[in-house]
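Biologist: Hi, could you walk me through this one? I'd like to go element by element.

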Amino acid sequence: MPHRNNCEGASGSFFLINKKYELSFFKINSLSDLGSFFEKNPVVGESIVEIIAQKYKKNFGRLLARSFDGHCFSIEQRLSVFKSTDLVFHIVFTPLTINGVTDGVVCSIMDVSSAKGLISMIREYSHMASHQLRAPITNILSLSTITNYSQLESYDVLKITQLLGDINTQAVKLDEIIKMLNEVLNKRENVALFDKFGAKSAHQHIVLVDDDVITNKMHKMLIRKHPSEKRIVVFDNPQKALIYIQEHAPDLILLDLHMPNIDGWRFLEMMEELDIFIDVVIVSSSIDPSEHSKAKSFLCVKDFYTKPLTIEKVNQLLDY
């Protein structure tokens, strides 16, 4: 089988899985490192789901199923090790498609626990540029759009407009520089676009989840400008948002990623644990391609919008 030669020529651990979820081939660099990921030693012909440890089975099976639908995923998984430092693995699911038909999936697992020096510095910089630095800039970009609001008509609109125009110009320049740096750091990443919602959905009941109060106010204001009436409920506390969503089942959730205590990733996991399957659109300052790819691994996530939201983006979102 040609796939086997490709697997044997590369580093790391690889597993070739057929449509029945059975192992067709595998290559493991160090079984001791992967021990906590498996319930038992892999055997060709056995079901991969039966080999995976119980705590990882559900998520692994879900990602494998989506990969057989043609999606490629790249995630990180932390494995706890008894009386030792936790291991962190980079796991990639790659569908093997021939003539439009996926007849197998390659799952590669790489140990990234010891990544130090330049690699860790680049990761840290990428995260800082994508989140800490961009977050206040997106607020400036959002605030600069208030030149269109009727509340300013009683003021010297010309001077205010000029001031906000200058602020917007500088913010756009900074934002473009950050995007350019991020593209340089992630130039090998290739994230496919999200599939569209499909049939138009009547999103009349919308929940906003973001720990930034200003962002929530701006997003609520933008959605209010949409021609159709919407019920909008805002939360800066993810835990309270989750309780509300359980009780009231909204049509759409706009979710930030980087929040204290419960971040967006954990929020999505909690939704799955509670069997809540409501359309979610990520709205984040992040321009990190790996996070866009990770978002695609959650069934309920339908799209990923980069802050700041604009009236054009809101109309695009709500006019599906």
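Biologist: What should I know about the model and its numbering?

Modeller: This is a predicted model, where local features need pLDDT of at least 70 and side-chain atom pairs count only at pLDDT 80 or more, while totals for chains, interfaces and linings use all residues. Residues are numbered from 1 along each chain as its sequence is written, and side-chain values use heavy atoms, with hydrogens and water left out.

Biologist: How many helices and strands are there in the chain?

Modeller: The chain has 11 helices and 10 strands. Those are DSSP runs numbered from the N terminus, with H or I of at least four residues for helices and E of at least two for strands.

Biologist: And what percentage of the residues is buried?

Modeller: Of the 320 residues in the chain, 44% are buried. Buried means under 20% relative accessible area, exposed means over 50%, and partly exposed is in between, using a 1.4 Å probe and protein chains only.

Biologist: What about contacts between residues 24 or more positions apart?

Modeller: Among contacts in the chain with a separation of 6 or more, 59% are between residues 24 or more positions apart. A contact here is heavy atoms within 4.5 Å.

Biologist: OK, sheets. In what order do the strands of the open sheet run?

Modeller: The order is E7-E6-E8-E9-E10, 5 strands with parallel pairing. Strands E7 (231-235) and E10 (301-306) stand at the edges with a single partner strand each, so one side of each has no neighbour in the sheet. On average, neighbouring strands of this sheet are turned by 20° against each other, direction ignored. For pairing, DSSP has to find at least two bridges between two strands.

Biologist: Which strands does E8 pair with, and over how many bridges?

Modeller: E8 (residues 252-255) runs parallel to E6 (residues 205-209), joined by 4 bridges. E8 also pairs with E9 in the parallel sense, again over 4 bridges. On the E9 side, Leu254 stands opposite Val281.

Biologist: Are the faces of E8 covered or open?

Modeller: Both are covered, with Leu252 and Leu254 buried on one side and Ile253 and Leu255 buried on the other.

Biologist: Leu255 keeps coming up. What does it touch?

Modeller: Leaving out residues up to four places away in sequence, Leu255 touches Val209, Gly264, Phe267, Leu268, Val280, Val281, Ile282 and Val283.

Biologist: Which residues touch the most other members in the largest nonpolar core?

Modeller: Leu255, Phe267, Leu268, Met271, Val280 and Ile282 do, in a core of 27 residues. E6, E7, helix H8 (238-248), E8, helix H9 (264-273), strand E9 (279-284) and E10 each give two or more residues to this core. H9 provides the largest share, 5 residues. Apart from this core lies another of 22 residues, among them Ile17, Phe60, Phe73 and Ile75. A nonpolar core is a set of buried Ala, Val, Leu, Ile, Met, Phe, Trp, Tyr and Cys residues joined through side-chain atoms within 4.5 Å.

Biologist: At what angle do H8 and H9 pack?

Modeller: About 25°, with the axes 11 Å apart. That makes H8 roughly parallel to H9. The axes are lines fitted to C-alpha atoms, for helices over the stretch in contact, and angles run from 0 to 180 degrees between N-to-C directions. Angles under 35 degrees count as roughly parallel, over 145 as roughly antiparallel, 65 to 115 as roughly perpendicular and the rest as oblique.

Biologist: Which residues meet there?

Modeller: Pro238, Gln239, Ala241, Leu242 and Ile245 in H8 meet Phe267, Met270 and Met271 in H9.

Biologist: Let's zoom in on Met270. Buried or exposed?

Modeller: Met270 counts as buried, because its relative accessibility is 13%. Met270 touches Gln239, Leu242 and Ile262, not counting residues up to four places away in sequence. The C-alpha atoms of Met270 and Gln239 are separated by 9.8 Å, and the two are 31 residues apart along the chain.

Biologist: Last topic, strand E1. Which strands does it pair with?

Modeller: E1 pairs in the antiparallel sense with E5 (residues 101-111) over 6 bridges, and with E2 (residues 23-27) over 4 bridges, also antiparallel. Phe15 has Cys107 as its bridge partner in E5 and Phe26 in E2.

Biologist: How many residues of E1 are buried?

Modeller: 6 of the 6 residues of E1 (residues 13-18) are buried, so this strand is largely enclosed by the rest of the structure.
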